[in-house]
Amino acid sequence: MLRRIALLCLAVAVPAFAQTTLNGAGATFPYPMYSKWFSEYHKAHPDIQINYQSIGSGGGIRQVLAGTVDFGASDGPMSDEQLAQAKTKILHVPTVLGAVVPAYNVPGVSGEIKFTPQALAGIFLGKITKWNDDAIAAANPGVKFPDKPIIIVHRSDGSGTTYIFTDYLSKVSPEWQAQVGKNTSVKWPVGVGGKGNEGVAGMIRQMSGAIGYIELIYAVQNNIAYGSLKNGAGNFVKASLDSVTAAAAAVKSMPADFRVSITNAPGKDSYPISSFTWLLIPEQSKDASKGKILADFLSWMVEGGQKMAAELSYAPLPESVAAKVKVEIKQVR
């Protein structure tokens, strides 16, 4: 009886452990990285929980503009028009670099397929319809391609991965630029849609003859074959930490607001469909305490979080960019 009373008194004496929850939403491209970071940050700060909904960059932009989340995330930078709609200044904070890869399920072909820019654009325009088309075979001597229809898989939701992919195609194909263009959502000439990188990856695995575009980590984790791309220097380069880093190094002048495209970057070792991904952070949080937490998390992300990038197939920020991000973080409040 006395022990029960003592335990009751102890329970009353110890104050409840207050927890602060931050909510974010947006890009699926960096979702594996963000999941790791938010989990590790929570371990170091048990009183802080960061929830993140992987709903696509378009959804992240909409929600941060509506003020229904504490932060958003996108792989395609917000437009001037979108930024003008914001109730408070939105900062683009680059977090890591990643690659979008042409992933495929071609029966009888398990190795790396080489794609020229013209062939990749032709496939997604619906002009190249069979895997044994000369436009594909010419870059892959010795590979026996099946006489099988190509099934295009693209994103059905507003997506930064789509923005990166269509930004690249718009740079290398005047026909793509004129007919489709670049955006988080476009009017696809052909194909079927999947939701999120997860959905597209799942459809590629299930559909014989399929090709789609997904973030590198989703191809690696799902054991899906992906090809190399002929870059601006004429070399076929496969996505890797080194080739993504080489693309980032080609950017000689980073804009003050960090809204930059590094697709089709120059350099013999650059992977052509590389990109920064950004957290969309309101400069002035509605809750001052959450603003301080966001600033602290961002500092942790730049200082310690970058070391975790490589294990998940992302490239860390170049040191010059990380230094500028540290300055940018000081505006968050």
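View 1. In strand E12, Pro 282 is the bridge partner of Ile 90. This is a predicted model, in which local features need pLDDT of at least 70 and side-chain atom pairs count only at pLDDT 80 or more, while totals for chains, interfaces and linings use all residues. Residues are numbered from 1 along each chain as its sequence is written, and side-chain values use heavy atoms, with hydrogens and water left out. E4 and E12 pair in the antiparallel sense over 9 bridges; two strands are said to pair if DSSP finds at least two bridges between them.

**View 2. Strand E12, covered on both faces.** How many of the residues of E12 are buried? The count is 9 of the 9, so this strand is largely enclosed by the rest of the structure. Here, buried means under 20% relative accessible area, exposed means over 50%, and partly exposed lies in between (1.4 Å probe, protein chains only). One side of E12 carries Ser 274, Phe 276, Trp 278, Leu 280 and Pro 282, and the other carries Ser 275, Thr 277, Leu 279 and Ile 281; all are buried. E12 also pairs with E3, in the antiparallel sense, over 3 bridges.

**View 3. Strand E4 and its other neighbours.** Of the 16 residues of E4, 15 are buried, so this strand too is largely enclosed by the rest of the structure. E4 is joined to strand E8 (residues 210-215) by 6 bridges, and the two run antiparallel. Within E8, Ile 214 stands opposite Val 101. E4 pairs with strand E9 (residues 225-226) as well, in the antiparallel sense over 2 bridges. There, Ala 225 of E9 is the bridge partner of Tyr 104.

**View 4. The nonpolar cores.** A nonpolar core is a set of buried Ala, Val, Leu, Ile, Met, Phe, Trp, Tyr and Cys residues joined through side-chain atoms within 4.5 Å. The largest one has 97 residues, and those with the most contacts inside it are Leu 120, Phe 124, Trp 131 and Ile 211. Strand E4 (residues 90-105) gives this core its largest share, 9 residues. A second, separate core has 9 residues, including Val 64, Met 78, Ala 86 and Leu 280.

View 5. Side chains of opposite charge can pair when their charged atoms come close. A salt bridge here is a side-chain nitrogen of Lys or Arg within 4 Å of a carboxyl oxygen of Asp or Glu, and the count comes to 14. In one of them, Asp 70 meets Lys 290, with the closest N and O atoms 3.5 Å apart. Asp 70 lies in the loop between helix H3 (57-66) and strand E3 (71-74), and Lys 290 lies in helix H12 (residues 288-303), so the pair ties together parts that are 220 residues apart in sequence. Is Asp 70 buried or exposed? At 18% relative accessibility, Asp 70 is buried, and Lys 290 is buried at 18% too.

View 6. Arg 333 forms a salt bridge with Glu 283, their closest N and O atoms being 3.9 Å apart. This pair links distant parts of the chain, 50 residues apart: Arg 333 is in the segment after helix H13 (319-329), and Glu 283 is in the loop between E12 and H12. Arg 333 is partly exposed at 45%, whereas Glu 283 is buried at 14%. In helix H7 (residues 160-172), Lys 171 and Asp 167 are 4 residues apart, which is about one helical turn. These two also form a salt bridge, with closest N and O atoms 3.9 Å apart. Lys 171 is partly exposed at 40%, while Asp 167 is buried at 3%. Lys 36, Glu 40 and Lys 43 are linked in a network of salt bridges.
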